[in-house]
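Subject: Structure for your review

Dear colleague,

Please find below the structure I am handing over to you.

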Amino acid sequence: MKLRIALLAAALVAAALPAWSVESNPKVLVIADTGFSDSDPLIASHTVLQVCLMDWYACPNGTNFQESGTAASLSPTQMKYSGFNHGSKMARSAIAAYPDVKLILIRVVGQSSSGGRMPTSESIITKVLAWTNKNARLYNIGAVAISQGSTKVGTNARRCISSPATDKEIASLKVKGIYTFFPAGNEGKSDLINWPACIPDAVAVGALDKSGAIASYSNYAMGQIDIYEPGYVIDTETVSIYGSDNGTSHSTQYAAAKWLSLVNQFPQVRPALIYWNYILSGDPVTNSKGYFGWSSSLESVRETLVSR
């Protein structure tokens with residue numbers, strides 16, 4: 001939420017601008033994470049490309065970059081260690097929110113010989129965004145959802161770490177109508193959110209609990225959360241395969257997938273207008289700590305866009 005009045009004004013301005021031309025093919029969602037199951041038929045059926053981008057020479061081809069059919073894949077054995085099933089959960093969350101979604105899966109976390117998670121720098125996020133910028137037209141990319149982040153704190157007013165290169169890539173994608181979705185974080189903090197969600201041009205996503213309130217673990221910073229989505233698994237089949245957990249990671253995938261579903265349903269409408277309508281669509285949400293934000297309502301957005 002970055003001041004509702006300002007958003008409404010921006011939405012009205014966007015509505016006055018000419019619509020983008022209709023796309024013949026649906027836009028694709030990029031998900032970057034730990035890696036993805038090589039034996040999950042649901043994920044496979046929605047995937048159009050796999051990429052590996054790492055700080056380490058740990059891609060399947062022995063380098064730090066690979067762009068091929070199995071570049072982001074993890075075996076069942078690999079997925080047993082150190083939360084490496086996280087990426088598969090994220091792909092499943094996106095599919096649950098938007099069953100027709102098409103995915104580009106990017107693996108960004110290396111795994112040691114003992115199964116441990118190799119350190120990952122903030123720069124890997126920038127590399128994913130740069131790859132997306134470079135290939136946006138080639139692969140018809142419409143959104144990016146990265147359910148990873150950093151708890152490091154910066155010195156500016158938003159307490160956001162300085163990251164000019166990342167800021168530039170996010171802003172460049174936004175100009176193209178490609179929005180980037182990141183989790184607010186799960187530390188229960190009341191005065192800051194994780195990087196890169198704290199970057200103004202990014203879409204910061206907080207979590208709702210099953211009662212519809214802002215989850216107690218969801219980080220909060222006044223004026224920095226754009227939208228709240230469920231922070232729990234909504235697909236029961238996923239629970240039986242990968243287990244159940246809570247967090248703004250799930251919320252991020254739901255937000256990106258829902259927004260992209262609207263982009264693909266209304267290809268004649270500018271993505272900026274769809275975005276403003278999406279984050280202004282739902283009811284206000286709160287919690288016992290006094291946090292305040294907004295949920296989403298796809299039905300409301302669709303009614304508004306149909307009537308244009």
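A residue is called buried here when its relative accessible area is under 20%. With a relative accessible area of 5%, C59 is therefore buried. Please bear in mind that the model is predicted.

C59 is bonded to C52 in a disulfide, with the two sulfur atoms 2.0 Å apart. C52 also counts as buried, because its relative accessibility is 0%. The torsion about the S-S bond of C52 and C59 is about -90 degrees, so this disulfide is left-handed.

The count of disulfides comes to two. The other pair to report is C160 and C198, joined with an S to S distance of 2.0 Å. This pair links distant parts of the chain, 38 residues apart: C160 lies in the loop between β7 (141-145) and α5 (164-175), and C198 in the loop between β8 (179-183) and β9 (203-208). Here the torsion about the S-S bond is about 70 degrees, so the disulfide of C160 and C198 is right-handed. Both C160 and C198 are buried. When the bonded cysteines are numbered in sequence order, the pairing reads 1-2, 3-4.

I also looked at helix α3, which covers residues 86-97. Its twelve residues reach 17 Å from the first C-alpha to the last, close to the 16 Å expected at 1.5 Å a residue. How many of the twelve residues of α3 are buried? Eleven are, so that the helix is mostly covered, by the cut-off of under 20% given above. Among the buried residues of α3 are H86, K89, M90, R92, I95 and A97. The cover over the buried residues of α3 includes the strands β1 (28-33), β2 (36-37) and β6 (103-107), together with the helices α2 (41-46), α6 (236-242) and α7 (248-265).

Turning to the chain as a whole, it contains nine helices and twelve strands. Its radius of gyration is 18 Å, close to the 19 Å that the globule rule gives for 308 residues, so the chain is as compact as a globular protein of that length. The C-alpha trace spans about 55 × 45 × 40 Å along its principal axes. Of the 308 residues, 56% are buried. Among contacts with a separation of 6 or more, 72% are between residues 24 or more positions apart. The chain exposes about 12,700 Å², and carbon and sulfur atoms supply 56% of that area.

Yours sincerely

Technical notes. Residues are numbered from 1 along each chain as its sequence is written. This is a predicted model: local features need pLDDT of at least 70, side-chain atom pairs count only at pLDDT 80 or more; totals for chains, interfaces and linings use all residues. Side-chain values use heavy atoms; hydrogens and water are left out. Helices (H or I, at least four residues) and strands (E, at least two) are DSSP runs, numbered from the N terminus. The expected span of a helix is 1.5 Å times one less than its number of residues. Buried means under 20% relative accessible area, exposed over 50%, partly exposed in between (1.4 Å probe, protein chains only). Contact means heavy atoms within 4.5 Å. A disulfide is a pair of cysteine sulfur atoms within 2.5 Å. The radius of gyration is taken over C-alpha atoms; the globule rule is 2.2 Å times the number of residues to the power 0.38. Accessible areas come from the Shrake-Rupley method with a 1.4 Å probe; for residues, only the protein chains shown count as cover.
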